[in-house]
Amino acid sequence: MKTPFLRTAALALLAATSAFAVQPASAATDAAAVVKHYSEIAHAKFSDSLSTAKDLAAAIDALIANPTEDTLKAARAAWIKARAPYQQTEVYRFGNAAVDEWEGKVNAWPLDEGLIDYVDASYGTESDENALFVANVIANAKIKIDGKDVDATNLTPEFLAGTLQEAGGVEANVATGYHAIEFLLWGQDLNGTGPGAGNRPATDFDTKTCTGGNCDRRVAYLKSATDLLVGDLEEMVAQWAPEGEAAKTVNADPKAGLSAILTGMGSLSYGELAGERMKLGVLLHDPEEEHDCFSDNTHNSHYYDAVGIQSAYTGEYIRPDGTKLTGPSLSKLVAAKDAGLDTEMKAKLDTTIAAMQAMVKRAESVEAYDQMIGEGNAEGNAVVQAAIDGLIDQTKTIERVISALDLGKIELEGSDSLDNPNAVFQ
C-alpha cells in the first residue's frame, strides 16, 4: 500500500479561562471517578484485545500445523474477531502518550507490503520514497538497509521489531502488528474497486507443497509477527492495570484526565478517522486508502472506532462475551453542568453510529468499502460521506464539551483531507 503525502494540521480549540481547581469539591470528586472508570475500561478493552489476539495465535498455530483452506479461513476469522475490541481502544490514543507512542507497533498503516513478501507485477519495482519497497524479506535472507548489508536469515520477533519495523526511517515499512499479519493471511487485494479481497492460498504456508516460494520463511515470519502482537498487547494491559503507568498517569490529575478523554474523542473523530482514514479515500477514490485493505474488513474497523468514541463518553463497554461495563461517565459530568449539551452530544454520537451501521450493512449485503469509495459510485460515496459528516459534526459538540468543563486549550488532530483538500492532490 502506498503512503499518502499528507500534512497533519492541529485544530486549536480555545475554551473558557476559569480554572478547574475552583470547581466545587464534589465536581472534582466526580471527575476523578469518571477518569478512574475510563482507565478501568481501558484495561478491559486491552485485556479483550489480548484475549482475542491469543485466539488468533492459536488459529495461526493450527494453520501452520495443517495448512488447509479451512484452517486459513479460521485464522482469517480469528483476525477479524480480534480487530473488534482493539479498534475500540483507539480512542485512548492522542490523549495518552503511553498509547500513542506504542500504537505504531500494532496498528501502523498504510504499509508497503513488498517489504515483507512477494507482490504482483502491478505493484511496481521501486519507489522514490522507499528503498525497501520490494525488498521481500521472506524471499531474501540478506537485504540492504541504508546501504548496509543486513542478515535476515532468522525472521525472529527481535529482527522484525528491532531491525525491519520502519527500516530506513520509512514509516511505510510496517513489519509488525495487525496489518502485517493481515497481509500474510490474505495477500494483496488485486481487485481494485471490483468485488473481492486478498486471496492468498493456504499452500503458501505448506512447506511440503509450497506455493509462492519460501514457505518455511513465510511461516516463521507469520509466527514471529503473531508472537509480537501478543507480547505488545500484554505490555499495554499491564500499563492500564490499577498500578500500571498509564493508569496512574491519567488518574493523577482529574483535569488532565478529562482532557485526555476529550483529546482522544476529538482527535480520533476528526483528524484520524473522518480525515485520514475516510475522507482521503473518498477524495482520491483510491481502494488503497482503506484501513483493513487486504481483508476488506474496513467497514468494521471504522465502525468499532466510532463505538469506542461513544464508549469514552457514556462510560459503557460491551465485552466480547456480552458483559456490559458501566460506571461514572463523562456524560453524567456534562449533564450536571448542562443537560442540553449532554443530550446533544449523545444524539450526535448516535447519529454517527447509525451512519456507520448503514455502511456496515451495505458492506455485508451490497459491496465492500473499497468499492463504496470508488469513482462514479455516487450511492456508495454518499454512504461513506454520511459517516464522515457525523464524525465532523460530533467533533463540534466535543469542542463545546471542552469549553463547558473549563478545560482550557486543547489541540485536536486535523487532516489536510478536511482542512486543505487541495493539498491532497499536489
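**Close-up 1. Lining of the second largest cavity in the predicted model.** By class, this lining has 7 nonpolar, 2 polar and 1 charged residues (nonpolar: Ala, Val, Leu, Ile, Met, Phe, Trp, Tyr, Cys and Pro; charged: Asp, Glu, Lys and Arg; polar: the others, Gly among them). The cavity holds about 30 Å³ of space, a volume being the space filled by probe spheres set on grid points joined across faces, edges and corners. A cavity is a set of points, on a 1 Å grid over the protein atoms alone, where a 1.4 Å probe fits but cannot get out; lining residues have an atom within 4 Å of a point. Of the 10 lining residues, W109, L111, H179, H291 and F294 are the closest to the centre. The model is predicted: local features need pLDDT of at least 70, side-chain atom pairs count only at pLDDT 80 or more, and totals for chains, interfaces and linings use all residues. Residues are numbered from 1 along each chain as its sequence is written, and side-chain values use heavy atoms, with hydrogens and water left out.

**Close-up 2. The largest cavity.** About 80 Å³ of space lies in this cavity. Its lining has 15 residues, with Y38, I41, S311, A312 and G315 nearest the centre. Two or more lining residues come from each of α1 (25-65) and α9 (298-314) (helices are DSSP runs of H or I, at least four residues, numbered from the N terminus). Helix α1 gives the largest share, 5 residues. By class, the lining divides into 9 nonpolar, 5 polar and 1 charged.

**Close-up 3. Packing of α2 (residues 69-87) and α3 (residues 97-107)****.** The helices pack at an angle of about 170 degrees, with their axes 14 Å apart (axes are lines fitted to C-alpha atoms over the stretch in contact; angles run from 0 to 180 degrees between N-to-C directions). Helices α2 and α3 are therefore roughly antiparallel (over 145 degrees). R83, Y86 and Q87 of α2 make the contact with W102, E103, V106 and N107 of α3 (heavy atoms within 4.5 Å).

Terms used: Parallel < 35°, antiparallel > 145°, perpendicular 65-115°, else oblique. 1 Å grid on protein atoms, 1.4 Å probe; cavity = no way out; pocket = protein on both sides within 12 Å on 5 of 7 lines; lining within 4 Å.
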